[in-house]
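Let's walk through this model together, one question at a time. Have the coordinates open and follow along.

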Amino acid sequence: MSPVFPMLTVLTMFYYICLWRRARTATRGEMMNSHRPIESNSRTSPLKAEVVQYAKEVVDFSSHYGSENSMSYTMWNLAGVPNVFPNSGDFTQTAVFRTYGTWWDQCPSASLPFKRTPPNFQSQDYVELTFEHQVYPTAVHVLETYHPGAVIRILACSANPYSPSPPAEVRWEILWSERPTKVNASQARQFKPCIKQINFPTNLIRLEVNSSLLDYYTELDAVVLHGMKDKPVLSLKTSLVDMNDLEDDDYEEKDGCGMDNLNKKFSSTALREGPNNGYFDKLPYENSAAASWLVSLPVSLPPLIQLILNHLTLPDLCRLAQTCKLLNQHCCDPLQYLHLNLQPYWAKLNDASLEFLQARCTLVQWLNLSWTGNRGFISVAGFSRFLKVCGSELVRLELSCSHFLNETCLEIISEMCPNLQDLNLSSCDKLPPQAFNHVAKLCGLKRLILYRTKVEQTALLSILNFCSELQHLSLGSCVMIEDYDVIASMIGAKCKKLRTLDLWRCKNITENGIAELAAGCPLLEELDLGWCPTLQSSTGCFARLARQLPNLQKLFLTANRSVCDTDIEELACNCTRLRQLDILGTRMVSPASLRKLLESCRDLSLLDVSFCSQIDNRAVLELNASFPKVFIKKSFTQ
């Protein structure tokens with residue numbers, strides 16, 4: 001037989017594999033006005049009418065710029081028809097997330113990243129929207145009105161939030177995903193990614209965003225869901241195959257958000273018999289200082305194998321455990337699970353997953369369960385069982401947006417985690433106020449994040465009284481606190497080691513609270529007083545801050561119209577280590593005082609002067625020319 005024929009056979013098989021994959025997954029994404037030559041494989045009968053609907057309700061989100069008691073800049077603006085589009089600019093009627101760029105990762109309050117986070121998981125925030133009718137999605141359009149490009153993943157859920165009975169099974173399917181990309185224009189656009197077809201109807205859509213490449217806050221106006229009431233039939237006609245679709249680097253496609261087969265892999269004990277373990281048998285077992293990066297205790301380890309395995313993601317570690325007995329032993333070693341990040345697998349993580357992980361996590365020190373367990377995936381009993389086995393060594397526990405939490409869970413944390421130093425309950429807005437009383441039992445806490453929670457004043461005073469080791473505290477958007485002056489006074493009296501404090505949108509703090517805070521916490525490096533309307537520069541509170549807190553690196557005085565040249569000059573004289581300053585909205589600051597600040601604070605990297613009436617575009621251009629290393633932001637509205 002001619003050698004040409006086997007080659008033709010291989011090429012034919014490759015061609016049909018391309019067609020099959022194309023029909024199964026469609027394309028991974030296509031932005032409006034993209035130059036990629038892609039044709040969608042989806043075809044629907046013209047006799048079937050397409051349903052087009054705007055979001056009915058916003059049911060969950062991780063953060064927003066706005067207040068809990070307002071509609072300005074909140075996620076709730078995503079419900080209904082567009083308010084702004086097709087206009088471009090900064091509008092209060094849009095949905096805005098809390099952060100943008102890399103500035104928040106460069107602050108003293110930034111926490112260290114988890115090891116073993118899959119490189120494909122880069123979501124920072126999310127919002128979930130419901131629609132009136134369940135449909136088989138054919139398109140999802142996102143109306144972006146300012147600094148577009150943050151959306152990196154769109155998912156659909158099989159559960160109907162409006163159904164009177166709970167579903168037997170809840171599935172999340174990724175419709176589209178892409179790595180963060182830089183969009184060079186800040187103007188409005190209608191983002192229309194090419195989505196994958198799914199085999200169930202949905203009226204629950206989730207957007208995940210990454211704002212790290214943005215020059216300012218992204219603003220979203222509305223989301224449009226297109227779909228068919230009846231399941232559309234795929235056409236086998238595919239005229240063009242995109243070679244990028246053959247890449248198999250998306251963990252979502254291979255593993256259904258990474259957790260489809262984890263439970264089976266964790267519980268698998270049957271290994272194929274083999275003659276030996278290959279070259280791995282030649283790697284020595286020895287006491288080595290190389291193991292010190294894993295754990296501070298002196299232990300006997302095979303450092304080479306452990307070092308290799310430390311670079312694997314959790315699903316890959318589970319796969320490798322099935323290859324031979326030696327690697328199974330190392331892949332199940334608790335030392336491989338000192339830092340465990342389960343957030344990337346939120347869509348599949350459940351009680352069974354925690355059960356199978358239990359034996360391997362007896363030494364876990366950092367645990368990330370953010371975004372997990374919602375809609376019944378994790379029960380209170382399952383979480384409690386896991387912590388009773390794995391909580392004794394915990395130092396850091398991330399539980400942002402974990403809505404399965406209740407008072408019992410916080411009680412279990414306080415009892416089972418005696419070494420806990422870092423607790424994140426950000427946006428756990430379903431926790432009842434009385435649950436926070438248990439946090440006061442964690443006397444060793446150094447970092448506590450209570451952003452968008454219902455913590456009340458009595459519980460918070462108890463926490464501050466007993467947790468005197470606190471170094472990082474976030475109380476942003478905590479609307480249940482009655483008197484922030486009392487809280488500030490307690491912080492000044494008890495938390496002498498405090499380095500960062502977030503009081504974003506604290507509604508009633510005054511110059512009295514600021515005075516006690518500044519006097520009692522001289523080590524403060526970061527202070528967020530954005531949108532605190534009761535603070536007035538005329539009382540001298542900002543000048544006092546500058547004089548008493550020389551270590552300040554980040555100061556946000558967002559939307560305080562009373563900030564004046566005197567305050568800026570005090571900062572220039574006393575806070576020479578300043579790196580980030582936000583004075584958005586002030587009417588009293590001149591270009592001359594900003595120039596003094598920039599000359600004095602050589603480490604300054606972010607200066608937000610948006611809507612500062614005395615700082616026009618010409619002044620910004622002149623300052624940028626003189627200080628090119630500083631990002632000076634001047635926002636606008638059309």
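Q: Which residues of the largest nonpolar core touch the most other members?
A: Keep in mind that this is a predicted model. Its largest nonpolar core has 110 residues. Another core, of 31 residues, lies apart from it and includes Ala150 and Leu220. In the largest core, the residues touching the most other members are Leu342, Phe383, Ile413, Leu423, Leu425 and Ile491.

Q: Which residues does Leu425 touch, not counting residues up to four places away in sequence?
A: Leu425 belongs to the largest nonpolar core. With those sequence neighbours set aside, its contacts are Leu399, Leu405, Leu410, Leu431, Phe436, Ile449, Leu450, Tyr451 and Thr453.

Q: Are helices α11 and α12 roughly parallel or roughly antiparallel to each other?
A: The axes of α11 (residues 484-494) and α12 (residues 511-520) come within 8 Å and cross at roughly 10°. Angles under 35 degrees count as roughly parallel. The two helices, α11 and α12, are therefore roughly parallel.

Q: How many nonpolar residues does the contact of α11 with α12 have?
A: On the α11 side, the contact includes Ala488 and Ile491, and on the α12 side it includes Leu517. By class, there are five polar and two charged residues, and the nonpolar ones number three.

Q: Which strands are the edge strands of the open sheet of 12 strands?
A: The sheet runs in order from β12 to β23, with parallel pairing. Inside it, β13 and β14 pair over three bridges, with Leu367 opposite Leu397 in β14. An edge strand pairs on one side only, and here those are β12 (339-341) and β23 (631-633).

Key:
Residues are numbered from 1 along each chain as its sequence is written. This is a predicted model: local features need pLDDT of at least 70, side-chain atom pairs count only at pLDDT 80 or more; totals for chains, interfaces and linings use all residues. Side-chain values use heavy atoms; hydrogens and water are left out. A nonpolar core is a set of buried Ala, Val, Leu, Ile, Met, Phe, Trp, Tyr and Cys residues joined through side-chain atoms within 4.5 Å. Buried means under 20% relative accessible area, exposed over 50%, partly exposed in between (1.4 Å probe, protein chains only). Contact means heavy atoms within 4.5 Å. Axes are lines fitted to C-alpha atoms, for helices over the stretch in contact, and angles run from 0 to 180 degrees between N-to-C directions. Helices (H or I, at least four residues) and strands (E, at least two) are DSSP runs, numbered from the N terminus. Angles under 35 degrees count as roughly parallel, over 145 as roughly antiparallel, 65 to 115 as roughly perpendicular and the rest as oblique. Ala, Val, Leu, Ile, Met, Phe, Trp, Tyr, Cys and Pro count as nonpolar, Asp, Glu, Lys and Arg as charged, and the others, Gly among them, as polar. Two strands pair if DSSP finds at least two bridges between them.
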